[in-house]
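Work through the exercises below with the model open. Each task is followed by a stepwise solution.

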Amino acid sequence: MESTAGDPERALRICAACPGICQYSCPVYRGSNLRSAAPHVLARIALAALQGSPGLGEALNLCVHCGECVRACPIHNDLPGALMAARARLAGEAGVVRVEARPLGGSGEPLVVASPIEPPGRAIDALSGWRLYWLPTREAVRAYWWGSRVEAQAPEGSTIIVEDLDFPREALEGLGRILYSPEALDALGLQWRPPGDSLIHVPCKAPEELRSRLRGLGEALEACSGAGGPLGLGMPEYAAQAASRLAREAGGRLVVTPCAWAALALRASGARACTFLETLWGCRG
Amino acid sequence: MSLESFVEEARRIVGPRWVLVETWSLAGYAIDYWPLLVYRALRDPRGALSRGPAAAVLPGSEEEVAALLEAAQRFGVRLAVYAGGSGVLGGAVPDEGWVVLDVARLDWVDWFDEEAGIVDAGAGAPLAEVEGWLNRRGWTLRHYPQSLPEARIGGLVATRSTGQYSTGYGGIEERVKGLHAAVPGVGLVRVKPSPRRSVLPPLEQLFTGSEGLLGVITRVYLEALPLPECELRVHWRPGSFREALGEARSLAQRRLAPDLYRIYDEQEAPVALGVEGPAAIGVYEGPCRVARARLEAAAELISSRVEVEEGEGPASRWLRERFNVIASIARLLEIGLAFDTIEFSAPWGSAARVYEAARSAALSVEGVAYVGVHASHFYPSGVALYMTFAFDAGRLEEVYGAVWDRVMRAVSSAGGSISHHHGIGRMRLPYLKLELGEEGARLVARIKRALDPQGILRGFPL
């Protein structure tokens with residue numbers, strides 16, 4: 001069979017006709033038990049929403065774009081790609097969202113934290129020798145998943161630490177040196193060790209080289225939190241439900257994650273979780 | 001009667017987040033995997049998904065299920081029990097104004113008695129996860145229906161499911177050693193696990209196959225077995241489907257049938273196995289010496305040469321591809337064809353006649369492009385036949401019902417039973433009397449009224 005890439009409606013139809021072979025691989029469905037989150041059900045809902053069914057578009061937030069369903073599908077049907085296209089069509093004309101790094105304090109070379117979580121005042125002390133900026137990703141990510149293009153601005157020559165794995169990487173290209181937080185801890189010369197009882201989260205959206213690095217940092221917890229994509233913003237309560245499964249796996253231990261959305265959802269589900277950077281300013285979940 | 005009052009009470013029982021009322025959260029319950037509804041949803045997604053329930057409730061404990069039934073009785077609300085939604089006959093689909101009771105959160109799995117191999121599974125536990133949990137501990141249910149990747153335990157028990165290895169290991173009813181079910185006006189019935197008992201008709205079997213009409217299954221005690229030591233994959237080429245049925249009878253009556261055993265007619269063998277003409281595949285399992293001895297004894301009863309597959313072969317290919325239904329569905333969709341399956345059973349004396357009658361009945365409907373049949377479950381007294389028919393998707397409404405109607409009547413007239421393991425659901429309801437007779441149908445309707453006098457569980461469809 002020909003690939004469904006580039007033909008989202010066809011991908012949705014094939015998925016909608018399936019009994020749901022991949023459904024328990026979906027961290028959102030398995031974690032939340034929301035029937036509408038089961039990939040084949042979501043495909044049916046997307047088709048109806050595209051036909052103009054009222055009240056259904058919101059369900060399209062239920063995909064976190066982890067790609068687990070594509071890997072579990074015997075024909076690797078690209079449902080996340082089709083949902084991305086469906087969202088863009090439902091949103092209408094694509095816009096451009098501009099997001100700018102905000103200065104927080106300190107002096108030295110510019111250091112930008114790209115995250116939905118604003119670094120607190122004590123972050124300036126923890127990262128002394130740098131002029132600290134925060135690039136707030138929250139609204140830009142939301143717009144991105146609904147079809148908008150994101151443009152970011154940061155001081156020239158910045159070092160950018162990315163703790164939002166959903167933020168479009170291309171928006172940061174050309175702005176400076178881009179590092180994921182585990183890489184940044186080394187590059188900035190910080191002597192970082194995982195806190196005592198912690199687990200190192202290896203998120204599904206981490207690129208392969210980041211995954212290898214994470215595995216080398218301590219006891220790894222390799223699973224999708226079910227919290228990223230449009231879900232974390234569009235439906236935070238369901239992101240927390242989805243993350244509750246990962247929280248159970250952690251069994252009360254501190255989860256250190258390079259993904260701020262995972263940290264937020266895990267905390268909302270009652271788990272102990274911090275991003276790598278947050279551990280620098282005293283977070284213990 | 002007040003839906004609003006029920007919803008309010010349900011929020012108190014299960015917590016507000018587990019009562020769904022938004023359109024987007026209910027649309028998915030409008031259909032299960034009944035092909036008629038799935039194909040309608042492909043043609044008109046907006047129309048198909050607009051018929052969702054009034055609300056959905058996801059209880060987190062057995063006690064909450066019992067409390068919800070009590071509330072449904074008090075407020076006169078009808079419930080449709082949802083346990084995976086992998087049923088193919090519409091049994092989980094709610095009518096307008098009903099509330100779905102989804103058991104998905106009852107998803108635990110643990111040992112009840114490890115020495116006995118009895119596992120305690122919540123009704124919402126996905127079968128694949130239960131089987132994986134057992135496999136990691138060296139055990140198996142050996143219950144592998146086509147819906148293995150999708151089904152939940154409660155749904156399988158409620159439809160009296162069988163699996164690909166059921167010739168060797170029996171249907172789900174043989175794995176069920178006890179269960180809990182919430183019954184309207186009675187409360188939570190706890191049937192403790194037992195290898196066998198003689199205490200009036202077994203209550204666990206009252207709910208096995210009850211299709212959400214008599215109570216809500218909340219917990220099931222299932223008998224597991226140690227993983228087999230050896231697996232021998234075999235295939236052979238019978239001269240005809242009729243000859244293959246004769247061999248199967250001989251093997252089943254001597255307890256020499258493979259644990260997984262499938263025979264294909266000449267229409268289906270090329271599609272399912274990639275070989276021409278009728279074909280048989282099998283898997284013998286168990287201690288290596290025993291599996292080998294059974295195979296050797298069986299081979300003496302089979303007229304053609306039995307090939308043991310060391311590497312690739314029709315049995316290995318089928319085992320590898322068996323859950324990949326989406327590839328076939330997608331191929332058919334793209335050439336404008338829809339398909340469905342109908343399973344039925346027959347005693348050996350009428351098996352060949354039932355096969356011919358059902359095939360002819362399906363082929364007599366204009367618009368049918370393909371009919372293939374295989375047999376996949378064998379008993380000393382008979383066999384289950386499984387028919388696949390494909391047809392012009394553009395003529396769904398005229399062809400689909402006509403095929404079902406003619407096949408149901410043909411099977412019954414030729415001496416077969418109208419269903420082997422998919423159950424009744426909505427599609428087979430009009431044919432219940434063909435199977436049970438006038439009095440039998442009245443009796444099951446009376447049992448339903450006795451257990452659920454208000455009809456809160458799917459009304460009174462019987």
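**Exercise 1.** How many residue pairs are in polar contact between chain A and chain B?

*Solution.* A polar contact is a pair of N or O atoms within 3.5 Å; within protein, one must be able to donate a hydrogen and the other to accept it, and residues adjacent in sequence count only if both atoms are side-chain atoms. The count between chain A and chain B is 15 residue pairs, both residues at pLDDT 80 or more. Next, sort the chain A side by class: 22 nonpolar, ten polar and seven charged residues. Here Ala, Val, Leu, Ile, Met, Phe, Trp, Tyr, Cys and Pro are nonpolar, Asp, Glu, Lys and Arg charged, and the others, Gly among them, polar.

This is a predicted model: local features need pLDDT of at least 70, side-chain atom pairs need 80 or more, and totals for chains, interfaces and linings use all residues. Residues are numbered from 1 along each chain as written, chains are lettered from A in written order, and side-chain values use heavy atoms, without hydrogens and water.

**Exercise 2.** Find the salt bridges across the interface of chain A and chain B.

*Solution.* Look for a side-chain nitrogen of Lys or Arg within 4 Å of a carboxyl oxygen of Asp or Glu. The rule finds four. One of them joins A:Arg30 to B:Glu129, with N and O 2.6 Å apart.

**Exercise 3.** Which salt bridge does B:Arg40 form?

*Solution.* Its partner is B:Glu397, at 2.8 Å between the closest N and O atoms. Between domain 1 and domain 4 of chain B, the count is two salt bridges. On the domain 1 side of that contact are eight nonpolar, no polar and two charged residues.
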